[in-house]
Amino acid sequence: MSRNGKKPALVTGGAGFIGTNVAHRLLESGERVILFDNLSRPGVIKNLEWLRETHGDRLQFVRGDIRDAKAIADVVKPAGKIFHFAAQVAVTTSLDEPINDFEVNARGTLNLLEAVRAQDNPPPLVFTSTNKVYGDLADIKIAANGNRYEPEDKYLREHGFSEKRSVDFHSPYGCSKGAADQYVLDYARTFDIPALVFRMSCIYGVHQFGNEDQGWVAHFLIRAIAGSPITIYGDGKQVRDILFIDDLVDAFLLAHEKMDQLSGKAFNIGGGPRNTISLLELLRIIEEVDGKRPEVDFAEWRAADQLYYVSDTRKFAEATGWKPKLNVGSGVARLYHWLLENVDSESIVKGRWLQNSESSAVARVTTMPRSKRLLQSNGRKKLMAA
Ligand SMILES: NC(=O)c1ccc[n+]([C@@H]2O[C@H](COP(=O)([O-])OP(=O)(O)OC[C@H]3O[C@@H](n4cnc5c(N)ncnc54)[C@H](O)[C@@H]3O)[C@@H](O)[C@H]2O)c1
C-alpha cells in the first residue's frame with residue numbers, strides 16, 4: 001500500500017479524456033477519487049455525468065481552476081496521491097493565447113507543486129508532459145517511405161526517441177508544458193517531493209472528444225462517422241506512435257506503485273515502435289472499420305509539427321515491466337465502436353457540444369474561423385527557421 005493508501009486520489013483535469021479513464025479505473029478498484037476540473041473543455045461534462053452515474057458517492061467532484069492556488073491547496077490537503085492532467089492541451093490554442101497557456105500549464109502546475117510541498121507528508125504526483133518538449137526534431141534526417149516519414153537512422157527507426165534527447169521547447173505549448181515538466185523534476189530534486197513525469201506521445205481511446213486542435217485519432221473517427229471531411233495539415237505522412245488509454249492507465253498505476261524508485265525521473269511514454277501510424281495510414285484503417293474512405297482536404301503545415309515522433313519506452317518498461325497490450329488496428333476499432341454507440345458525432349462536428357461548456361474562452365478559440373487558423377499555421381515556418 002502507498003504511503004497515503006487510505007486517502008482519496010486527486011485527479012486534476014479529471015473530467016477530461018485521460019482523467020476520466022484514470023478515475024474510472026481507481027473507482028472500479030474501490031478507491032475514492034477527488035476530481036478537480038473547471039470543465040472548460042467542450043463535452044467533458046458528459047464524462048463527469050458518466051462517472052457520477054457509474055460510481056456515485058465515491059467520486060467527489062470539485063469544480064475549480066488550476067490557476068486558483070487556494071482552490072488547489074484545498075483539494076491537495078486530503079489527497080493520498082495525485083494525477084495532474086488539468087491543462088491547456090493544444091499547440092494551436094497556445095498560439096492564440098500564449099499567456100493563458102502559460103498560466104494554466106506552467107503557473108497552474110507550480111500552484112499544485114507548492115500545495116504539495118506545503119504538506120507534512122507530500123502526496124506522490126504523476127505529471128503528464130509531452131513529446132513536444134523535444135521540439136520539431138528538424139535535425140533528424142527523414143525520408144518519405146510510401147505513406148509515411150521515417151528517420152534514415154536505423155537505430156531511431158527501431159527504438160524511437162529516448163529521454164536522452166535534449167529538450168528544446170518549440171511553440172508556447174511546448175514552453176509551458178516543458179517548464180511544468182522541469183518544475184516537477186526540480187521539486188522532486190530540491191524539495192524531495194515524490195514526483196515523476198510522463199512525456200507522452202499520442203494517446204487515444206474511449207471518452208476522448210478529439211477535435212482539430214488535439215486528439216487527432218478520435219477527431220478523424222468522429223468526422224468519418226459524421227460523414228464530414230477531415231482536414232489534414234501538411235501531407236499526412238507525419239508519423240506518431242499511438243497508445244490506447246487502457247495501456248496508459250496501467251502505466252500510471254505502476255508509476256505510483258513504484259514511486260519510491262522512479263521519483264525525480266522523466267519517462268517517454270507512447271505506443272513505441274510497434275504501434276506507429278501516419279495520418280494517411282489512419283485513413284486506411286478508418287476505411288476498413290467504417291466501410292468507406294473519409295473525405296479529406298489538405299492545408300498548410302502547422303506550427304512545430306514533428307514529421308516523425310516515436311517514443312522509446314524502454315526506460316519505463318525496464319523499470320516496471322510495463323508494455324502496451326493493444327495494437328493500433330484493435331485500438332482504433334475499439335474507439336470507433338465506442339464512438340458509434342456512445343457519442344452523437346454529428347452534433348460534435350456541428351459544434352453543438354460547445355453548449356456544454358461554460359468557458360467562453362474555449363468556445364471562442366474552438367470556433368475561430370479557419371482562415372485565421374491557417375494564417376497562424378505559417379508560424380511553423382518561423383519556428384522552423386528559429
Ligand atoms: N491526449 C494526449 O494525446 C496527450 C498527449 C500528451 C500530453 N497530454 C497531457 O495529458 C493531460 C490530459 O490530456 P487529455 O487528453 O485528457 O486532455 P483533456 O482536454 O481531455 O483534459 C484536460 C482537462 O483539464 C481541464 N482543464 C483545462 N483547463 C483547466 C484549468 N485551468 N483548471 C482546471 N481544469 C482545467 C479540462 O476541462 C479537461 O477536462 C494534459 O496535461 C495534456 O497536456 C495528453
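Start by selecting Asp192, which sits in the loop between H7 and E8. The model you have open is predicted, so local features need pLDDT of at least 70 and side-chain atom pairs count only at pLDDT 80 or more, while totals for chains, interfaces and linings use all residues. Residues are numbered from 1 along each chain as its sequence is written.

Is Asp192 buried or exposed? Asp192 counts as exposed, because it has 12 C-beta neighbours inside 10 Å. With C-beta atoms placed from the backbone, a residue is buried if 20 or more other C-beta atoms lie within 10 Å of its own, exposed if 12 or fewer, and partly exposed in between. Look at the backbone too: the phi of Asp192 is near 60 degrees, a positive value in a residue other than glycine. Most residues other than glycine have a negative phi.

**Back along helix H7**

Now select Ser171, found in helix H7 (residues 171-191). Ser171 also has a positive phi, of about 75 degrees, although it is not a glycine. Ser171 counts as buried, because 26 C-beta neighbours lie inside 10 Å.

**The open sheet**

Next, show the strands. Seven of them form an open sheet with parallel pairing, in the order E3-E2-E1-E4-E5-E8-E12. Strand E3 (59-63) and strand E12 (266-269) stand at the edges with a single partner strand each, so one side of each has no neighbour in the sheet. On average, neighbouring strands of this sheet are turned by 20 degrees against each other, direction ignored. Two strands pair if DSSP finds at least two bridges between them.

Zoom in on strand E8 (residues 195-200), which runs parallel to E12 and is joined to it by four bridges. Which residue of E12 is the bridge partner of Met200? Select Ile269 to see that partner.

Then pick Ser129, placed in strand E5. Ser129 is buried, because 27 other C-beta atoms lie within 10 Å. Leaving aside neighbours within four places in sequence, its contacts include Lys177, Ala180, Val197 and Met200; a contact means that two C-beta atoms, placed from the backbone, lie within 7 Å. Asn268 is 139 residues from Ser129 along the chain, yet their C-alpha atoms are separated by 9.2 Å.

Axes are lines fitted to C-alpha atoms, for helices over the stretch in contact, and angles run from 0 to 180 degrees between N-to-C directions.

**Around the ligand**

Show the ligand: 28 residues surround it, and the closest are Gly13, Gly16, Ile18, Ala86 and Ala87. A residue is near a molecule if its C-beta atom, placed from the backbone, lies within 6 Å of it. Helix H1 (17-28), H5, E5 and strand E9 (202-204) are the elements that give two or more residues to this shell. H1 supplies the largest share, three residues. By type, the shell divides into 14 nonpolar, ten polar and four charged residues. Ala, Val, Leu, Ile, Met, Phe, Trp, Tyr, Cys and Pro count as nonpolar, Asp, Glu, Lys and Arg as charged, and the others, Gly among them, as polar.

The contact is made by Ile18, Asn21, Val22 and Arg25 of H1 with Ile245, Leu248, Val249 and Phe252 of H9.

**Last stop: strand E11**

Finish with strand E11 (residues 239-244). Six of its six residues are buried, so E11 is largely enclosed by the rest of the structure. Val239, Asp241 and Leu243 cover one side, with Arg240, Ile242 and Phe244 on the other.

E11 runs parallel to E9, with three bridges between them, and Ile242 in E11 is the bridge partner of Cys202. E11 also pairs with strand E13 (residues 276-278), in the antiparallel sense and over three bridges. Select Val239 to end the tour: its bridge partner in E13 is Ser278, and in E15 it is Tyr308.
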